[in-house]
Amino acid sequence: MNETTDDKPASAPTPAKKGFSGLHVFGIVLLTIVATVGIGYWWLSHYVFPDNFEPVTLNASEQDSLNNKLNTLGIDTQGGESGGPLQPEPYSEEGASREVRFSERELNGMLANNTDLAQRLAVDLSDNLLSALLLVPLEKDFPVLGGRTLRVNAGVELSFANGRPLVKLKGVSLMGVPIPNAWLGNLKNVDLVNEFGANPGFWQSFAAGVDYIQVEDGRLLVRLKE
């Protein structure tokens, strides 16, 4: 007896093909475009065309403290207006402090008093590291980026070891891109005092006059020798 078609085993269903549909591809392309535009805008706004810094404004107590420190160093904070004629006095070092202490806010506050630097230079103090962020305006005839402002970062290690100050250039970045060590004269991570302090000049004199130096989070301390 012949088997009927109802008795034949049913064929297995054809598996669905896996892959991205046109809608999936369109979504991925759209997300890629949005991400690229967003990252590009962030990079341009932060490094190529950055806004000026907001100058640090010290409150009355902070300004008084800074003025006292500057007056101790012999820096006139009254603009030459002492309220009376200058009185002669004999020179003496008795009781004079040889320490210079500044906070990060005080350093940036002093920069804020300079109209040329107020919105273009900012200083950061962290453990054994002094960092500077500088905005450099370019002349209009500068190739490609003429009339724009570039963002430059630099870091210098400052510490005290083996009885002398230690100064190392940690690096310089332009528009967020670290500059090669060869372009910096191979001075990255080189102890400048040790490298150049053996010969008469700035580094030898600097090391000879510093008794101690410390940079910590938000603070700078320099103690001078007699």
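These legends go with close-up views of a predicted model.

In this predicted model, local features need pLDDT of at least 70 and side-chain atom pairs count only at pLDDT 80 or more, while totals for chains, interfaces and linings use all residues. Residues are numbered from 1 along each chain as its sequence is written, and side-chain values use heavy atoms, with hydrogens and water left out.

**View 1. The largest nonpolar core.** Here we're looking at 19 residues. A nonpolar core is a set of buried Ala, Val, Leu, Ile, Met, Phe, Trp, Tyr and Cys residues joined through side-chain atoms within 4.5 Å; buried means under 20% relative accessible area, with a 1.4 Å probe and protein chains only. Phe 102, Leu 107, Leu 125 and Leu 220 have the most contacts inside this core. β7 gives the most to it, with three residues. (Strands are DSSP runs of E, at least two residues, and helices are runs of H or I, at least four, numbered from the N terminus.)

**View 2. Around Leu 220.** Skip residues up to four places away in sequence, and Leu 220 still touches (heavy atoms within 4.5 Å) Val 100, Arg 101, Phe 102, Leu 107, Leu 125, Gln 214 and Val 215.

**View 3. A three-stranded open sheet.** The order is β1-β8-β7, with antiparallel pairing; two strands pair if DSSP finds at least two bridges between them. β1 and β7 are the edge strands, each pairing on one side only. β7 and β8 share six bridges, and Val 210 sits opposite Leu 224 in β8.

**View 4. Helices across the strands.** α3 lies across β1 and β8, at about 80 degrees to β1. Angles run from 0 to 180 degrees between N-to-C directions, using axes fitted to C-alpha atoms, for helices over the stretch in contact.

Methods. Buried < 20%, exposed > 50% of the residue type's maximum accessible area, 1.4 Å probe, protein only.
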